[in-house]
Amino acid sequence: MKLAFLFVGGHKETWLTELTCRYETKLKPFCGVEVVRLKPSKQARALSEQKRIEESESLLRAIKKDDVVVLCDERGDSIDSRKFSAKLVKLFERGRPRVVFVIGGAFGFSKELRERADWTWSLSPLVFNHHIAQAVVLEQVYRAFAIWKNLPYHND
C-alpha cells in the first residue's frame, strides 16, 4: 500500500519543505509515501475559474485510474481524528495500490475532479491557505497511523 499527496504549490516555502520531509520520514515505516507538488496556474487571480480548471486538470493527470482519491475541501465531511483513522483504514482495505490526498490551489477544484473523488474530507470549517492545509493533512495522516497502530502520540 502506498500514500500519495498531490499538492498545488509549496515549492518555495522552506518551512513547508522541511515539515513535509519530517512527515515523510515518520510515515515511511507504515507504507510507501510519495509527495508530488504541482505548480499553480499562471493565470491572474481575476481568472479564478480558469486557474481552478487548469490546476484541476494537472491534478487529474497525476491521479491514476485505480487510485483512491481523497479531496481536502472545507465542504467535505468533518470528522475527528479517531474517526479519520478508522476511515483511512477502510480506504486502505479497498485494496487499491494508492490512497491519494489532494490539496488544490487557492480556488479549489473543478467539477470533474470533485466527481473523481472517492471521498471529500474537511480539515476544518475554517478555510486554510493551501500551505497550511498541506501541513494539517500530513500531521493528521501521521496521527491516523499512530492511532491505528496504537502508538503513544494521540491523546484523547
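## About the model

The structure is predicted: local features need pLDDT of at least 70, side-chain atom pairs count only at pLDDT 80 or more, and totals for chains, interfaces and linings use all residues. Residues are numbered from 1 along each chain as its sequence is written, and side-chain values use heavy atoms, with hydrogens and water left out.

## The largest pocket

Rolling a probe the size of a water molecule over the atoms shows where empty space is left. The largest pocket has a volume of about 320 Å³. Of its 19 lining residues, the closest to the centre are Cys72, Glu74, Gly105, Val127 and Phe128. A pocket here is an open set of points on a 1 Å grid over the protein atoms alone, where a 1.4 Å probe fits, with protein on both sides within 12 Å along at least five of seven lines; lining residues have an atom within 4 Å of a point. The volume is the space filled by probe spheres set on the points, which are joined across faces, edges and corners.

Strand S3 (68-77) and helix H5 each supply at least two lining residues. S3 gives the most, with 4 residues. Helices (H or I, at least four residues) and strands (E, at least two) are DSSP runs, numbered from the N terminus. By type, the lining divides into 10 nonpolar, 6 polar and 3 charged residues. Ala, Val, Leu, Ile, Met, Phe, Trp, Tyr, Cys and Pro count as nonpolar, Asp, Glu, Lys and Arg as charged, and the others, Gly among them, as polar.

## A nonpolar surface patch

Trp15, Leu126, Phe128 and Ile132 form a nonpolar patch on the surface. Together they have about 370 Å² of accessible area, a value from the Shrake-Rupley method with a 1.4 Å probe, where only the protein chains shown count as cover for residues. Patch residues have over 30% relative accessible area and no salt bridge; nonpolar side chains (Val, Leu, Ile, Met, Phe, Trp, Tyr) are joined within 5 Å, like charges within 9 Å.

Leucine 126 sits in the loop between strand S5 (119-121) and helix H5 (130-148). Leucine 126 counts as exposed because its relative accessible area is 56%. Exposed means over 50%, buried under 20%, and partly exposed in between (1.4 Å probe, protein chains only).

## Salt bridges

Side chains of opposite charge can pair when their charged atoms come close. The structure holds 12 salt bridges (a side-chain nitrogen of Lys or Arg within 4 Å of a carboxyl oxygen of Asp or Glu). In one of them, arginine 98 meets glutamate 34 at 2.8 Å, N to O. This pair links distant parts of the chain, with arginine 98 in strand S4 (residues 98-103) and glutamate 34 in strand S2 (residues 32-38), 64 residues apart. Arginine 98 is buried at 4%, while glutamate 34 is partly exposed at 24%. A network of salt bridges links Lys2, Glu34, Asp67 and Arg98.

Glutamate 139 pairs with arginine 143, also by a salt bridge, with the closest N and O atoms 2.8 Å apart. They are 4 residues apart in helix H5, so about one helical turn separates them.

## Two more residues

Glutamine 134 lies in helix H5. Its relative accessibility is 0%, so glutamine 134 counts as buried.

Asparagine 150 lies in the segment after H5. Its phi is near 60°, a positive value in a residue other than glycine. Asparagine 150 is exposed, with a relative accessible area of 70%.
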